[in-house]
Amino acid sequence: SLPDATNDLVFYSGAALKVYQPRTLGISGAAGDSKFKTKKDDFGSSVLLKKAYNVYMTISSGVGVMDADLTVTTDVDTYDFDVATDGVTDAKVEVIDISNVGNFKWIQLTFQNAATDRTINIEDIAIEYRPLLKRAS
């Protein structure tokens, strides 16, 4: 993956070069397009426990006020977080503290637009975590 001349993120898929398209979530209550769900991710190891700290999302909302809900589902439990912020007309990195999520083997994020009058653009998602290694005895 690398940015092209217009600073868009490009990547190879098979033999074709493609441009990453941000996901736009419709208004709350819209038929199916107001929610975004990631795949279940074990970060390359299904047996190691992990500890999550933050979710970093590059997001924007054309109106400048955003109201959304983040659900974090793990192999152990489900956790809900409210994501509300002002001033996101341009792309902004929103940091969501998820350090109260218990240790997990896999994680899945669901992002739901809670606003009934504006859309939200999701441009990037990153999860800050660390694997929990067993101590030598």
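Contact is taken here to mean heavy atoms within 4.5 Å. The model is predicted, and local features need pLDDT of at least 70, side-chain atom pairs count only at pLDDT 80 or more, and totals for chains, interfaces and linings use all residues. Residues are numbered from 1 along each chain as its sequence is written, and side-chain values use heavy atoms, with hydrogens and water left out.

The chain has 11 strands and 0 helices, where helices (H or I, at least four residues) and strands (E, at least two) are DSSP runs numbered from the N terminus. Of the 137 residues in the chain, 30% are buried; buried means under 20% relative accessible area, exposed over 50%, and partly exposed in between, with a 1.4 Å probe and protein chains only. The accessible surface of the chain is about 8,200 Å², and carbon and sulfur atoms hold 50% of that surface. Accessible areas come from the Shrake-Rupley method with a 1.4 Å probe, and for residues only the protein chains shown count as cover. Among contacts with a separation of 6 or more, 71% join residues 24 or more positions apart.

The largest nonpolar core has 20 residues, a nonpolar core being a set of buried Ala, Val, Leu, Ile, Met, Phe, Trp, Tyr and Cys residues joined through side-chain atoms within 4.5 Å. The residues with the most contacts inside this core are Leu-70, Val-72, Phe-81, Ile-96, Ile-98 and Phe-111. Two or more residues each are given to this core by β6, β7 (65–74), β8 (78–86), β10 (107–113) and β11 (120–132). In soluble globular proteins, nonpolar side chains tend to be buried together.

Lys-50 lies in strand β6, residues 49–60. Lys-50 is buried but has no salt bridge, and the nearest side chain of opposite charge, Asp-42, is 5.7 Å away. Lys and Arg count as positive and Asp and Glu as negative, while His and the chain ends are not counted; a salt bridge is a side-chain nitrogen of Lys or Arg within 4 Å of a carboxyl oxygen of Asp or Glu. A polar atom of the Lys-50 side chain lies 2.4 Å from the backbone oxygen of Ser-45, and one lies 3.0 Å from the backbone oxygen of Lys-105. Beyond its neighbours within four places in sequence, Lys-50 is in contact with residues including Phe-43, Asn-103, Tyr-129 and Arg-130.

Phe-43 is placed in the loop between β5 (35–37) and β6. The phi of Phe-43 is positive, about 55°, although Phe-43 is not a glycine. Most residues other than glycine have a negative phi. Phe-43 is partly exposed, with a relative accessible area of 25%.

Leu-48 is also found in the loop between β5 and β6, and is partly exposed at a relative accessible area of 30%. With neighbours within four places in sequence left aside, Leu-48 is in contact with Phe-104, Lys-105, Pro-131, Leu-132 and Leu-133.

Gln-108, in strand β10, counts as buried because its relative accessibility is 12%. The Gln-108 side chain reaches the backbone oxygen of Thr-38 at 2.8 Å. Residues up to four places away not counted, Gln-108 touches residues that include Lys-37, Thr-71 and Thr-73.

Key: Polar contact = N/O pair within 3.5 Å; in protein donor to acceptor, adjacent residues only side chain to side chain.
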